[in-house]
Amino acid sequence: MKRRKFLKAAGASGLAGILTSHRAPVFAQANTVHILRWNDFVPAADKVLREVFAPEVQKALGLKLNVETVNANDLPARATAAIQSGNGPDIIMLLNNLPHLYSSAAVDVSNLAADIAKAGGGIYKPAEQLNTVGGKWVSLPWSLVPALIAYRKSWFDEVGAKSFPKTWKEYHEVGKKLKAAKHPIGQTLGNTFGDAPTFTYPLLWSFGGQEVDAKGKVVLDSKETIESVRFMAQFWKDAHDEGGLAWDDSNNNRAFLSGDISASLNGASIYVAALNGADKFKTEKGAPLHTDILHAPLPGGPKGTHAYHTAFNHMVMKYSKNAKGATEFLAWAHKKENYEKWFVVQKGFATGPTREWEKHAMWNNDPVMLPFKTAPQAQSRLMGFAGQPDKKAAEAWNKYVVTVMYAQACSGKMKPEEAVKWAAGELGKIYT
Amino acid sequence: MLIERKWKKWFYFYLPMAVFIVFTLFPFYWMAVTAFRPDAELYRTWRQANATPFWTLEPTLEHFKGLLQTTAFPHWLWNTMLIALVSTAISLVCGTFAGYALARLKFRGSEFLGTAIFITYLVPQTLLFIPLADIIRDMHLGNTPWALMLTYPTILIPFCTWLLMGYFKTIPKELEECARIDGATRFGAMVRIIFPVAIPGILSAGIFAFTLSWNEFIYALVFMSSAELKTVPVGVVSELIRGDIFFWGQLMAGALLGSVPVALVYSFFVEYYVTGLTGSVKG
Amino acid sequence: MTVAGGAARAARPAERVRIAGMTRLLESEKVLAVALLTPGVVILVLFIAYPFVMALWYSLTSIRVGDPGHFVGLANFTKAWNDTVFQTAFRNTVFYTFWATIFKLALGMWLALLLNRHFRFKRIVRASMLLPFIIPTVLSAFAWRWMFDPTFSVMNWVLFHMGIITDRLPFLSDGDWAMWCAVVVNTWRGMPFFAITLLAGLQTISPDLHEAAALDGAGAWHRFWHVTWPLLLPVTLVVVVFSVIQTFSDFQLIYVLTGGGPANTTHLVATYAYQVGVASGLLGEGAALSLFMFPVLFAVVWFQLRYLKRVDAN
């Protein structure tokens with residue numbers, strides 16, 4: 001009886017609490033900013049937003065900052081629903097060139113972008129392309145997570161690779177030996193947002209393949225593309241962990257940390273995890289794993305060396321009832337002294353939107369992270385090359401067309417020529 | 001003779017039963033082991049000699065602690081329970097009424113309506129949730145538990161109605177007629193005579209509805225945005241999968257804790273559930 | 001508040017007349033039917049019928065996220081029809097639904113027959129058999145994904161140590177394997193519901209019938225086929241209908257297990273529609289893709305309802 005009474009009471013107060021809770025934001029709305037971001041890989045960074053930014057913004061601008069973080073793969077769903085229903089977060093984080101997809105729902109932030117560029121010695125050119133539509137800034141670049149290959153120095157040494165291979169051909173040779181020594185290369189070719197396309201697009205480009213020409217005509221089905229797919233299929237068999245077809249962005253981290261693979265294209269997260277868990281992650285000789293990790297850019301092909309780094313941008317939503325507050329918050333957050341607090345806990349996993357951040361003292365702390373400092377400069381091309389990184393390029397990217405092309409050839413489901421033809425056909429339906 | 005029969009019982013009963021039990025329960029065992037396993041062991045691959053997938057020598061509570069301290073898990077649990085209870089209650093009321101009307105009352109279009117209600121069950125959720133988002137906005141329900149309490153019944157009412165319709169059909173008409181002769185109104189007879197008899201059916205419909213709402217993912221993902229208002233499935237998936245790494249320990253701890261309340265409900269009601277279904281399948 | 005106030009006023013004579021009038025009105029079958037059906041129908045119309053019509057309209061327009069678009073006729077449908085990924089997704093959905101339903105039915109029936117016997121710990125076994133059904137799908141799918149994980153798979157460990165395999169099996173990294181894995185997980189999840197419902201059906205069958213058949217010398221298999229099965233048929237059909245609907249429009253399981261990969265080989269119609277409509281913001285095309293499910297489900301249900309009615313009539 002007692003218990004029941006208690007449950008009843010708890011139920012009643014909880015119910016009342018929850019049912020009325022939605023009213024609170026209604027009158028608090030005027031000075032609340034709700035920001036939706038991904039779950040940062042560096043959890044300490046989310047902590048900075050919640051525990052440092054929120055109280056300081058309250059003090060500086062009188063804004064109540066409401067930080068929500070979700071799995072990055074769920075961001076587009078939330079953005080779509082919010083825009084369609086005209087109700088949701090005031091600021092939404094959008095990856096890569098998604099701002100183009102959602103541009104009609106954005107508040108123009110060109111002035112703010114100009115201020116940030118002026119203060120920081122210029123915004124990176126690719127970031128400008130990703131965030132502007134028709135000359136207008138529809139979102140603000142917040143950070144870039146460079147994708148570099150993390151590799152095991154000792155294992156590369158053992159097979160005679162004193163430095164990291166500079167070309168795909170050398171990498172193939174080294175990889176063969178690594179796999180023979182039971183230390184294959186790990187790479188995802190699954191339907192996943194980060195590590196798969198940041199590998200496949202630069203691979204395509206370095207062989208001279210491209211999705212479209214400058215006018216937007218699909219030219220994927222070329223000798224160069226077929227060559228790159230043929231190379232990859234062989235490279236896959238000879239040197240890779242073939243489970244990679246089922247991987248998402250997290251599998252290679254786990255495989256690397258558990259000593260199953262010798263190299264993988266990734267953000268700095270493998271290294272940072274090894275650093276933070278020095279007692280957990282060890283080499284087979286018992287040394288802390290992080291002492292055996294180095295970073296290198298992707299190798300080059302016959303048509304140069306390329307890289308694509310995942311971009312994180314913030315869009316102020318047009319439906320927001322507090323767009324002014326949201327813009328003010330972003331202006332505040334981009335100020336050097338504030339941004340810095342977030343930037344330093346990233347330890348180099350994320351780089352800043354402007355050149356200025358390459359000069360930051362943090363980069364002197366750890367030579368292993370140094371390759372990340374200037375990585376943004378190597379971002380030579382964007383999706384949809386040689387056209388624009390526009391809506392159509394975003395659609396192709398989101399449908400994983402290029403990644404699937406390689407995956408189909410690597411799994412042996414299709415011959416390289418067939419895979420390329422298929423992918424060109426898919427692009428053709430997007431670029432009509 | 002006796003030996004042969006014993007052998008037969010082993011072969012035809014205990015052996016398959018054991019296989020079924022292993023198949024059904026192994027994933028739960030696996031969740032539990034993972035939830036108690038320290039991170040260092042989680043990173044041992046199946047190929048490594050020291051891998052001990054079936055047990056752990058150093059069980060730890062750190063994942064449970066992390067789950068309860070760094071996330072709003074208790075809130076999620078509470079929300080899920082509340083939302084599931086309210087939407088189940090709404091669906092049961094609607095389903096019992098509608099089921100009774102369709103099973104017992106004669107009126108034009110009853111057959112059509114029964115089919116129409118059933119057909120609503122066919123409309124895929126992935127199709128509905130974008131237009132639904134508009135409606136939620138127009139009704140100012142966005143980011144409130146009501147958004148889910150009102151949309152979940154759409155998945156539940158068709159099932160409840162049909163299950164209870166079957167159940168009501170098995171209740172002899174005489175029962176009601178006797179009460180009517182004794183002077184009860186039609187409505188009174190329904191509430192006081194028929195509904196109590198139908199309790200097993202109502203219970204099993206309720207249990208089923210409760211499970212479905214506990215399980216729902218898409219609507220909860222899209223309509224709720226504050227961390228404290230999320231449900232268990234959405235909360236666990238969206239906050240424990242961190243960009244690059246999964247927190248398997250916490251994820252499994254969340255899965256385990258997230259199913260305990262429903263499991264309790266079931267273990268109490270499973271016999272009722274079977275009886276309730278028994279009634280409705282008779283019809 | 002209003003309820004309490006109403007009760008207080010009910011004492012007044014005028015009110016009493018009105019309430020009496022209400023009861024009299026409710027004596028009419030038609031009025032009572034309308035009153036009873038209204039709440040359910042209002043919810044269904046508001047939250048299903050109306051959005052459904054809107055979704056139909058979306059499917060005929062070029063609507064994108066944040067852009068209402070314009071009428072394009074059936075262009076979205078023809079685009080979907082010619083889309084190779086959609087074709088794969090559709091085939092996968094049929095494959096997935098077909099095999100998962102067969103397994104759920106066969107294994108569920110078997111389990112129900114076992115559970116229908118008397119044995120020790122019957123209650124607890126019955127309750128525990130329901131566990132897969134009650135745990136949220138996304139969460140159990142994560143547990144399965146962890147079990148199938150290429151690097152950490154416990155299955156590989158078991159098979160390897162039993163000496164059955166020398167290298168790992170490509171559970172989720174090969175499209176065909178991954179599809180079968182999805183079938184297994186779906187079976188695991190759905191089987192308990194089949195078993196319990198069929199168990200309920202079994203309990204309605206009088207033991208006399210079995211005894212009579214046994215006296216006639218019928219074997220176990222014969223008794224099942226000629227006594228149990230025909231009596232269970234109506235229940236079975238209902239469960240199968242519900243299961244087909246749920247499996248055919250399934251989303252969560254694949255979303256978690258494979259995300260449609262590797263190389264788009266495991267997409268179901270629902271997950272692909274989600275990817276196109278939501279991730280790429282092409283709401284019109286997404287709606288058209290989802291709509292392809294509707295006629296199939298409709299046909300399945302129509303046939304089964306008709307069949308049920310025939311059984312009822314006999």
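**Strands, a helix and a contact**

Guide: In chain A, β1(A) and strand β3 (residues 91-95) run parallel and are joined by 2 bridges. This is a predicted model, in which local features need pLDDT of at least 70 and side-chain atom pairs pLDDT 80 or more, while totals for chains, interfaces and linings use all residues. Residues are numbered from 1 along each chain as its sequence is written, with chains lettered from A and ligands numbered from 1 in the order in which they are written.

Visitor: What makes β1(A) and β2(A) a pair?

Guide: Two strands (E runs of at least two residues in DSSP) pair if DSSP finds at least two bridges between them. β1(A) and strand β2 (residues 64-70) of chain A have 7 bridges, in the parallel sense, and therefore pair. Within β2(A), Val67(A) is the bridge partner of Ile35(A).

Visitor: Why is the β-α-β crossover called right-handed?

Guide: The term applies if, with the strands pointing away from the viewer, the path from the first strand over the helix to the second runs clockwise. Here the chain passes from β1(A) through helix α3 (residues 43-61) of chain A to β2(A), and this crossover is right-handed.

Visitor: How do you know that β1(A) is mostly covered?

Guide: A residue is buried if 20 or more other C-beta atoms, placed from the backbone, lie within 10 Å of its own; it is exposed if 12 or fewer do, and partly exposed in between. In β1(A) (residues 32-38), 6 of the 7 residues are buried.

Methods
Helices (H or I, at least four residues) and strands (E, at least two) are DSSP runs, numbered from the N terminus.
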